Amino acid sequence: MNEQLKGTPLAQFMSYMESKLKPKEFEEFRTKVQAELLDRAPVVAIIGKAGVGKTTTINNLFDVDDYVAEALSFDEKGHIGDVRRGTTTAIRKRFDLKIGIGLDIIDLPGLGDDIRKDKEFEAIYRQILPQCDIILYVLKADNRTLGEDERILQNIVLPSCDKKKIILAVNQVDILGENEGLHWDTRINLPDPRQEELIQLKQKDISSMFHEDLGVDANKIVCYSAIKRYHLLELLHSIVKTTPLGFIFGVLGLMPREWIEDAEPEWREKYEKIKDLKL
C-alpha cells in the first residue's frame with residue numbers, strides 16, 4: 001500500500017483483513033485492491049444537460065468540494081491521453097475521498113443543445129464511455145420531454161458500454177408539483193405526502209421508459225434531490241453496487257450527509273430521539 005494511505009480508513013481496513021485472511025488469500029485481495037482502487041481510480045462518466053445539477057450531485061454525494069480539473073485529449077485510438085487545458089469538451093475531475101481512495105469524474109458535454117456540435121460530442125462519448133466503470137446519467141425531474149435522452153441512451157450510450165454500468169439519476173424532485181401549489185416541507189426537509197406521490201409516479205414513468213423499453217436496471221433508477229440531500233444514500237448504494245470492489249466504500253464509511261441535517265433544529269431533535277428508540 002502507498003505511504004500516503006497511512007492512517008486512512010482504507011489502511012485500517014487492510015490491516016484488519018490481513019489479520020483475518022490467510023497470507024495467500026490476503027495477498028490476492030491486496031493485489032486486487034491495488035489494481036482496481038489505487039493504481040487506477042474508479043472512473044465515473046457523468047452525463048446531463050446544463051442545469052440538471054451534476055456538480056451539486058457529485059459534491060454532496062461524496063462530501064467533496066475540492067478537486068483538480070483537467071481537460072482531456074485523446075490519441076488516435078480513442079484512449080484518454082495527455083491533458084490539454086482550455087478545451088471544454090470533456091473535463092476530468094480528480095477527487096481524493098476522505099476514506100483514502102481516489103475517484104475520477106469525467107464530465108461529458110451535454111447533447112441536444114447545439115446540433116452543430118452534437119456529432120463532435122457523440123464521438124467523444126464513444127471514445128470515453130468504454131473506459132468508464134460507471135455511467136451516471138442525470139435527468140431533471142420536471143423535464144416532461146425525455147425523447148432526446150431516450151435517443152442518446154439508445155443510440156450512443158448503450159452501444160458504447162455495458163448497460164450494467166448505467167445509473168439513471170433523476171434530480172431535483174424537490175421542485176415537482178410547484179406549479180400545482182406543492183412545496184417541499186422545509187421544517188423536516190422532506191416532501192409532503194402529495195409531493196411524495198408525484199415522486200413515486202415519476203419513478204414509475206422513468207422506469208417504464210428506460211427499464212421496459214431500453215433494459216436499464218430498474219434498481220439503478222433513482223429519484224433524488226442533490227440540494228436537499230434527499231435519497232442521496234440510495235444513489236450512493238447504486239454506485240457502490242456498480243463499482244469494482246464497491247463494497248469497500250460502504251465498509252470504510254463513505255456516507256453522504258443525511259437529509260435530516262438540513263431540517264429545522266426542533267425536527268432534528270425529534271428524529272434523533274426516534275432513532276435512539278429504534279436502536
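At 17% relative accessibility, glutamine 172 counts as buried, because the cut-off for buried is under 20%. This is a predicted model, so keep in mind that every value here is computed from it. You'll find glutamine 172 in the loop between S7 and H6. Leaving out residues up to four places away in sequence, glutamine 172 touches Gly51, Val52, Gly53, Lys140, Ala141, Tyr224 and Ser225.

Now look at asparagine 171, which sits in strand S7. Asparagine 171 is buried too, with a relative accessible area of 3%. If you again skip residues up to four places away, its contacts include Val52, Gly53, Thr57, Val138 and Leu139, and also Tyr224, Ser225 and Ala226.

Which backbone oxygen does the side chain of asparagine 171 reach? That of valine 52, at 2.8 Å. The side chain of glutamine 172 has a polar atom 3.3 Å from the backbone oxygen of valine 52. Here are the two residues in a table:

| Residue | Relative accessible area | Distance to backbone oxygen of valine 52 |
|---|---|---|
| Asparagine 171 | 3% | 2.8 Å |
| Glutamine 172 | 17% | 3.3 Å |

Next comes helix H3, residues 54-61. Just after H3, aspartate 63 takes a positive phi of about 55°.

Strand S4 (residues 91-96) pairs with strand S5 (residues 102-107) in the antiparallel sense, over six bridges. One example to look up is isoleucine 91, whose bridge partner in S5 is aspartate 107. The hairpin has five residues between the strands, and glycine 100 takes a positive phi near 105° there.

On to the nonpolar cores. The largest one has 38 residues, and those with the most contacts inside it are Leu108, Tyr125, Ile135, Val157 and Phe210. Elements that each supply at least two residues of this core include helices H4 (115-128), H5 (147-157) and H6 (193-212), as well as strands S1 (43-47), S6 (134-140), S7 (166-171) and S8 (221-223). There's also a second, separate core of 34 residues, and among them are Ile101, Leu103, Tyr224 and Leu232.

Setting aside neighbours within four places in sequence, phenylalanine 210 is in contact with Leu139, Leu146, Asp149, Glu150, Leu153, Leu168, Gly215 and Val216.

What about aromatic rings? The structure holds one aromatic pair. Tryptophan 184 and tyrosine 230 form it edge-to-face, at 5.2 Å centre to centre and with 85° between the planes. The pair links distant parts of the chain, 46 residues apart: tryptophan 184 is in the loop between S7 and H6, while tyrosine 230 is in the loop between S8 and helix H7 (232-242). Are these two residues buried or exposed? Both tryptophan 184 and tyrosine 230 are buried.

Finally, zoom out to the whole protein. It has nine helices and eight strands. Of its 279 residues, 47% count as buried. Take the contacts between residues at least 6 apart in sequence: 64% of them join residues at least 24 apart. The accessible surface comes to about 15000 Å², and 49% of it belongs to carbon and sulfur atoms.

Methods. Residues numbered from 1 in each chain as written. Predicted model: local features only at pLDDT ≥ 70, side-chain atom pairs only at ≥ 80, totals over all residues. Heavy atoms only, no water. Core = buried A, V, L, I, M, F, W, Y, C linked by side-chain atoms within 4.5 Å. Buried < 20%, exposed > 50% of the residue type's maximum accessible area, 1.4 Å probe, protein only. Helix = DSSP H or I, 4+ residues; strand = E, 2+ residues; numbered from the N terminus. Contact = heavy atoms within 4.5 Å. Phe/Tyr/Trp six-rings, centres within 6.5 Å; stacked < 30°, edge-to-face > 60°. Polar contact = N/O pair within 3.5 Å; in protein donor to acceptor, adjacent residues only side chain to side chain. Pairing = 2+ DSSP bridges. Areas by Shrake-Rupley, 256 points an atom, 1.4 Å probe, with all protein chains shown as cover.
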